[in-house]
Amino acid sequence: MSEARRIPGDLARESLAEGDAVGWFEKVYAQAEGDPGAISWADLAPNPNLVDWLDREKIEGNGRLALKIGCGLGDDAEELSRRGFLVTAFDVSQTAIDWCLARFPSSTVRYVVHDLFLEHCDWACDFDFVLESYTLQVLPAGLRAAAMTNAARFVAPGGELLLIARGREPHDPPGTMPWPLMRDELAAFTQAGLEEKSFEDFMDVESPPVRRFRVVYQRP
């Protein structure tokens with residue numbers, strides 16, 4: 001297989017072996033050369049587990065500030081914008097951000113490059129709504145607590161964070177990337193000052209179905 005088309009799993013394993021938890025994302029987007037079909041998680045549509053929740057809860061942005069963590073090709077960020085949020089969306093990959101800007105040239109979303117493992121003091125306690133979907137599950141277990149702590153810092157007083165991720169029981173095998181999370185792991189969010197508002201454990205509509213956790217946290 002050529003370097004330009006190596007699969008994400010291989011790139012991730014090499015990056016992690018080198019002590020770089022996130023460098024492989026840029027390689028995945030760059031090797032795609034503009035073809036979204038080369039990116040396994042790029043559906044070119046907002047996450048249905050997000051849309052279902054937004055519809056069910058009748059969420060309206062009303063000009064509130066929202067942040068999308070790990071925005072990929074931008075579909076979730078655009079969905080939040082469509083619902084009236086003022087959205088900032090970041091990804092560690094410059095290529096992904098450039099792709100978002102090309103896909104949505106008239107968007108009001110602010111797309112920026114940022115690494116979740118680096119502090120962004122200007123964003124501390126700044127956002128009324130923070131979305132973390134499917135990013136934690138591609139991070140090794142030993143790095144997730146730090147990622148959750150940094151994600152929690154973005155939430156404003158009274159604001160909420162919505163987490164959507166694969167889920168498993170402690171006795172289940174961890175499997176291969178994307179690695180499902182255990183509920184106990186999520187304690188890092190409450191340890192970082194957020195309160196759990198709701199917790200859902202469900203099977204999605206994929207074929208075959210995938211177990212998901214969908215959790216809402218709030219900063220008092």
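Predicted model: local features only at pLDDT ≥ 70, side-chain atom pairs only at ≥ 80, totals over all residues.

Me: Okay, where does Glu-33 lie?
Reply: Look at the helices on both sides of it. α2 covers 23-32 and α3 covers 48-57.

Me: What is the phi of Glu-33?
Reply: Most residues other than glycine have a negative phi. Glu-33 isn't a glycine, yet its phi is positive. The value is about 50 degrees.

Me: Is Glu-33 buried or exposed?
Reply: The cut-off for exposed is over 50% relative accessible area. Glu-33 has 61%, so it counts as exposed.

Me: And Lys-58, what is its phi and where does it sit?
Reply: Lys-58 lies in the loop between α3 and β1 (65-69). With a relative accessible area of 69%, Lys-58 is exposed. Its phi is positive although Lys-58 is a residue other than glycine, and the value is near 55 degrees.

Me: Which residue is joined to Pro-178 by a cis peptide bond?
Reply: Most peptide bonds are trans. Pro-178 lies in the loop between β5 (155-168) and β6 (181-182). The bond into Pro-178 has an omega of about 5 degrees and is cis. The partner is Met-177.

Me: What is omega for the peptide bond from Ser-207 to Pro-208?
Reply: Pro-208 is placed in the loop between β7 (195-203) and β8 (211-218), and Ser-207 lies in the loop between β7 and β8 too. The bond from Ser-207 to Pro-208 is cis. Its omega is near 0 degrees.

Me: How far is Ser-207 from Leu-101 in space?
Reply: Ser-207 counts as exposed, at 79% relative accessibility. Along the sequence, Ser-207 and Leu-101 are 106 residues apart. From C-alpha to C-alpha, the separation in space is 31 Å.

Me: What about Thr-176 and Glu-195, how far apart are their C-alpha atoms?
Reply: Thr-176 is in the loop between β5 and β6, and at 65% relative accessibility it counts as exposed. Thr-176 and Glu-195 are 19 residues apart along the chain. Their C-alpha atoms are separated by 30 Å.

Me: Which residues of α5 does α2 meet?
Reply: From α2, the residues involved are Glu-26, Tyr-29, Ala-30 and Ala-32. By class, the contact has 5 nonpolar, 2 polar and 1 charged residues. On the α5 side, the residues are Gln-94, Thr-95, Ala-96 and Trp-99.

Me: How many residues of α4 are buried?
Reply: Buried means under 20% relative accessible area. The buried residues of α4 include Asp-75, Glu-78 and Leu-80, and the buried residues pack against α3, β1, β2, α5, β3 (110-113) and β4 (127-133). α4 is largely enclosed by the rest of the structure, because the number of its 8 residues that are buried is 7.

Me: Which residue just after α4 takes a positive phi?
Reply: We're looking for a residue whose phi is about 100 degrees. That residue is Gly-84.

Me: What is the volume of the largest pocket?
Reply: Rolling a probe the size of a water molecule over the atoms shows where empty space is left. The largest pocket is lined by 50 residues, and those nearest its centre include Trp-41, Ser-133 and Tyr-134. The volume is about 1,200 Å³.

Me: Which element gives the most to the lining of the largest pocket?
Reply: The lining residues divide into 27 nonpolar, 12 polar and 11 charged. Elements that give two or more residues include α2, α3 and β1. The top contribution is 5 residues, and it comes from α1.

Terms used: Residues numbered from 1 in each chain as written. Heavy atoms only, no water. Helix = DSSP H or I, 4+ residues; strand = E, 2+ residues; numbered from the N terminus. Buried < 20%, exposed > 50% of the residue type's maximum accessible area, 1.4 Å probe, protein only. Contact = heavy atoms within 4.5 Å. Nonpolar A, V, L, I, M, F, W, Y, C, P; charged D, E, K, R; others polar. 1 Å grid on protein atoms, 1.4 Å probe; cavity = no way out; pocket = protein on both sides within 12 Å on 5 of 7 lines; lining within 4 Å. Points joined across faces, edges and corners; volume = space filled by probe spheres on them.
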